[in-house]
Amino acid sequence: MSRFFQPIHAAKQPSVKDGDGVSKGFEAITSGSECSSGGLCACPAGTWHSTTSGCLPVKALGEACSVDPECGDETTTYCSMAGCMCRANYVDVNGVCEPGKALGAACTISAECTAITSGSECSSGGLCACPAGTWHSTTSGCLPVKALGEACSVDPACGDETTTFCSSAVCTCRANYVDVNGACEPGKAMGAACTISAECTMVTANTACTSGVCACASGYWNNGGTCRQSVPFGGACTYQQDCSSYDSKFGCRGGTCGCAFVAVNGYEYQLAGGDSSCLSGRVEVRLEGAATWGQVCDDEWGDEDAAVFCRSIGRTGGTATCCSLHWHGTGAVFHMDDVACAGTESHLLACPYPGWNVENCGDSEVASATCT
């Protein structure tokens, strides 16, 4: 019966009218009863009908009891060995048995949610939900999310379905996501912050996470957002960076990687005829942009001159060699002769010499240098 008005079937018994109201007559039959607003004898709200003691106060949840009606509304409460308790799928909310709440329903306390869904909670938004790090199993409630690589049977078991899924019965990152310390992170573009190289290669091939930023991997250079492979000395090239990214002394010379030339104050300088170190060879000069190179005569050629030339091509110093050490042909074209550097000049053409193309030299007098 309800904890509210409980009709007393003795309502038609004679009453004792003593001038204090008709209820006195009803109480003569059932202690604590009253004449309800519906005109029936009933136990007042908050009481229950004991056949031996009349209308008694309903017991609070947790209080000792002997029969179910003592606990109030029998649809929501019952008398257990532990006292008055809420029935299955009901929960104690401030002393009242309220029905459990399904996921997504408004709630006050987490117990309302767990009454229906094991492991759920009343979220900060006041709705029943599975806590962070769990997923909803229709048969088992809220369960812990599986780690990447763990066995699974459905996608939700792996967590965020936008980044993970259950593939071949194992939790895996989706396309364009990569496992970073156990979490599926999106691939990163060149220049973006990163933790591991796999984030970078997910978006751009031949990249690496370098100093916390996605960049071209060693042996590659950034060609407009793609990583192009560097080319060694003697290899085929298209761009200057094909060669200079392999070694700063290299340049793309007619489709082949060789020693780079350097332009200074309207002139260009290079070492030619040497090896892949690009630190030794014959000294060559030309006007900036000219089609052909010319040589320097070894008359008066000394270490001061060689040191200035080496600084012209970006080296720190150098020593002189003579007598066409790196020239084995004929038809040398001498642009400079009798060079007399003090050793402090910024580039070779700043040194004293008789004049451009003023010379009296032969093929056996081509100057060379070894740079440091």
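Rings of Phe, Tyr and Trp (its six-membered ring) pair up if their centres lie within 6.5 Å; planes under 30 degrees apart are stacked, over 60 edge-to-face, and the rest tilted. This is a predicted model, where local features need pLDDT of at least 70, side-chain atom pairs count only at pLDDT 80 or more, and totals for chains, interfaces and linings use all residues. Residues are numbered from 1 along each chain as its sequence is written, and side-chain values use heavy atoms, with hydrogens and water left out.

**Exercise 1.** Find how many aromatic pairs the whole structure holds, then work out how Trp221 and Tyr239 are arranged.

*Solution.* 
- Searching the whole structure turns up 6 aromatic pairs.
- Trp221 is in strand S20 and Tyr239 in the loop between strand S21 and helix H4, so the pair ties together parts 18 residues apart in sequence. (Helices, H or I, of at least four residues and strands, E, of at least two are DSSP runs, numbered from the N terminus.)

**Exercise 2.** Is Trp221 buried or exposed?

*Solution.* 
- Buried means under 20% relative accessible area, exposed over 50%, and partly exposed in between (1.4 Å probe, protein chains only).
- Trp221 has 9% relative accessibility, so it counts as buried.

**Exercise 3.** Check how covered helix H5 (residues 303-312) is.

*Solution.* 
- Of its 10 residues, 7 are buried, so H5 is mostly covered.
- The buried ones include Phe309 and Cys310.
- Just after H5, Gly314 takes a positive phi of about 90 degrees.
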